[in-house]
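Biologist: Could you put the model up and walk me through it? I would like to start with the contacts and then go on to the details.

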Amino acid sequence: MPKRPAPPLLSILLICLILALVLYRYLHRSSPQISCGQHCGTERWQIKTVSDPESRKIDWSPRSSSISDLLKLEAPKVLDDSRTEAETRVYSVQAILMGWKAETGTHGDRDYHVVLADPSDPQQTLIAEVPSSDCTGACSSSHVEQFLETRQELVNHLPAPQAHFRRLNPSWLVRVQGVGFFDIYHNQIGVAENCLELHPVLHIEFLRELGPETVLPHKIEPPAEHHCGRFERSYSSEEE
């Protein structure tokens, strides 16, 4: 029986190229490589900056809600490097902007930290965060332009942020759109009892300044008790 001719070299190279491409796409899907920016944060950082693989699950159509309704969402008992259902949605809320700060301290992640209150009950607050484009994850996110525009909008309307929290006087009525995000509890200023945040914020609209007839709490106190999840790093995740 005659010997079968060896496969042409071109066919072998083509097969190798296809296998290499498949392997490359698999590795980059499971652990995206970040090649810009500086290290700013670690815990659930890719989720905070919508640079994680599961960000493709997000419904980017803003869903009208209120802070009081968002505070009713149940936080997962364990938080890891995957998204919960509430973290696959963009929420739009009308809120009182109580104050803000730039997280530029020793352990800061450079976010603009904004505290929002429910207009119908200003005792109910949650945190909204706007990432810095100088950071890994944020700089490579497809929504980095929205981060930049939102930060500029805040700077245009408010006194310059400081490293410590600054109450606003007068405060503002705003409309904010942001992705739902469950944080861990560490006694943050303005933290919701379920630790839900709008993180990252994608858009903010300043509606009007509020007059003295709007009665606001003298202090922004942490909740008497919280129902926040604890963080557990996924085995396959990598620290940025």
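Modeller: This is a predicted model, and among its contacts between residues at least 6 apart in sequence, 77% join residues at least 24 apart.

Biologist: How many helices and strands does the protein have?

Modeller: The protein has 4 helices and 8 strands, and along the sequence they come in the pattern α-α-β-α-β-β-β-β-α-β-β-β.

Biologist: And what share of the residues is buried?

Modeller: Of the 240 residues in the protein, 44% are buried.

Biologist: Which residues have the most contacts inside the largest nonpolar core?

Modeller: Those are L97, L116, L154 and L198, in a core that has 33 residues. Helix 3 (67–70), strand 3 (89–102), strand 4 (112–118), strand 5 (121–130), strand 6 and strand 7 each supply at least two residues of this core, and the largest share, 6 residues, comes from strand 3.

Biologist: Take L154, then: what does it touch?

Modeller: Leaving aside residues up to four places away in sequence, L154 touches L97, W100, Y112, V114, V130, I204 and F206.

Biologist: Changing topic, where is N194 found?

Modeller: N194 is in the loop between strand 6 (166–182) and strand 7 (196–209).

Biologist: Is N194 buried or exposed?

Modeller: N194 counts as buried because its relative accessible area is 3%, whereas the cut-off for buried is under 20%.

Biologist: What does the side chain of N194 reach?

Modeller: The side chain of N194 reaches the backbone oxygen of L71, at 3.4 Å. If residues up to four places away in sequence are not counted, N194 touches L70, L71, K72, L73, A75, F182, H227 and C228.

Biologist: How many salt bridges does the structure hold?

Modeller: The structure holds 8 salt bridges. As a general point, side chains of opposite charge can pair when their charged atoms come close.

Biologist: What about R83 and D52, are they buried or exposed?

Modeller: Both R83 and D52 are buried, and their side chains meet in a salt bridge with an N to O distance of 2.9 Å. This pair links distant parts of the chain, 31 residues apart, with R83 in the loop between strand 2 (78–79) and strand 3 and D52 in the loop between helix 2 (45–48) and strand 1 (59–64).

Biologist: And which residue does E205 pair with in a salt bridge?

Modeller: E205 forms a salt bridge with R175, the closest N and O atoms being 3.2 Å apart. Here too the pair links distant parts of the chain, since E205 lies in strand 7 and R175 in strand 6, 30 residues apart.

Biologist: What are the relative accessibilities of that pair?

Modeller: E205 has a relative accessible area of 34% and is therefore partly exposed, and R175, at 30% relative accessibility, also counts as partly exposed.

Conventions
Residues numbered from 1 in each chain as written. Predicted model: local features only at pLDDT ≥ 70, side-chain atom pairs only at ≥ 80, totals over all residues. Heavy atoms only, no water. Buried < 20%, exposed > 50% of the residue type's maximum accessible area, 1.4 Å probe, protein only. Polar contact = N/O pair within 3.5 Å; in protein donor to acceptor, adjacent residues only side chain to side chain. Contact = heavy atoms within 4.5 Å. Core = buried A, V, L, I, M, F, W, Y, C linked by side-chain atoms within 4.5 Å. Salt bridge = Lys/Arg side-chain N within 4 Å of Asp/Glu carboxyl O.
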